[in-house]
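Work through the exercises below with the sequence and the 3D view side by side. Try each task before reading its solution.

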Amino acid sequence: MTLAIAVLIVLICSGICSLVEAALFSVSQIKVRQLAESRRPAALALSRVRENMRDPIAAVVILTNISNIIGSIMVGGIAAEVLGSKWMGTFSGGLTFLFIIFAEIIPKTLGERHSVGISLCCARPILLVAKLLRPLIWIVQVIPSPVTKGESSQLTTSEAEIKLLAS
């Protein structure tokens, strides 16, 4: 029973992170601007998140990795006690399958489909988490900067895309 509860907790934590990440990337900037015009606190927070996604997404990625790594270590320890080393390979394979389905595919699909509502719900908590994790976020952004520095390409909409949307 302890093992099942531990697996469920890790899957839920990881799934929530995947859901939030997908939702934040999927909600369109135009929709965010429309929502911000309402001046609702959640919409204004979402607008702040989308203005600079770097820190909020770094916070989500950090939480995802903490959940996945520490959760897997804890679940593995419990599984070793309950199942013994003989079944660890089978258990690890099964857990990996559960992660793919229930902590990645389903949450990311739902996050994309319900991006506006989820983004509005999570924007304020994500800003708080990003603020709390600021020192760690700074470290994980500085270390890869020699490889990732430089201007990011700006996404633009072509005339053909505008015509297609208009039609």
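**Exercise 1.** How many salt bridges does the structure hold?

*Solution.* The model is predicted, with local features needing pLDDT of at least 70 and side-chain atom pairs counting only at pLDDT 80 or more, while totals for chains, interfaces and linings use all residues. Residues are numbered from 1 along each chain as its sequence is written, and side-chain values use heavy atoms, leaving out hydrogens and water. Start from the criterion: a salt bridge is a side-chain nitrogen of Lys or Arg within 4 Å of a carboxyl oxygen of Asp or Glu. By this criterion there are 2 salt bridges. As background, side chains of opposite charge can pair when their charged atoms come close.

**Exercise 2.** Which parts does the salt bridge between arginine 134 and aspartate 55 tie together?

*Solution.* Step 1: the closest N and O atoms of arginine 134 and aspartate 55 are 2.8 Å apart. Step 2: arginine 134 lies in helix 7 (residues 134-142) and aspartate 55 in helix 4 (residues 54-83), so the pair ties together parts that are 79 residues apart in sequence. Helices here are DSSP runs of H or I with at least four residues, numbered from the N terminus. Step 3: classify by relative accessible area, where buried is under 20%, exposed is over 50% and partly exposed is in between (1.4 Å probe, protein chains only). Arginine 134, at 44%, is partly exposed, whereas aspartate 55, at 15%, is buried.

**Exercise 3.** Where do glutamate 104 and lysine 108 lie?

*Solution.* Their side chains form a salt bridge, 2.9 Å from N to O. Both residues are in helix 5 (residues 88-113), 4 residues apart, about one turn of the helix. Glutamate 104 is partly exposed at 27%, and lysine 108 is partly exposed at 34%.

**Exercise 4.** Is glutamine 141 buried or exposed, and with which side chains does glutamine 141 make polar contacts?

*Solution.* Glutamine 141 is in helix 7 and counts as buried, with 17% relative accessibility. A polar contact is a pair of N or O atoms within 3.5 Å; within protein, one must be able to donate a hydrogen and the other to accept it, and residues adjacent in sequence count only if both atoms are side-chain atoms. The side chain of glutamine 141 makes such a contact with the side chain of arginine 54 at 2.9 Å, and another with that of aspartate 55 at 3.1 Å.

Key. Helices (H or I, at least four residues) and strands (E, at least two) are DSSP runs, numbered from the N terminus.
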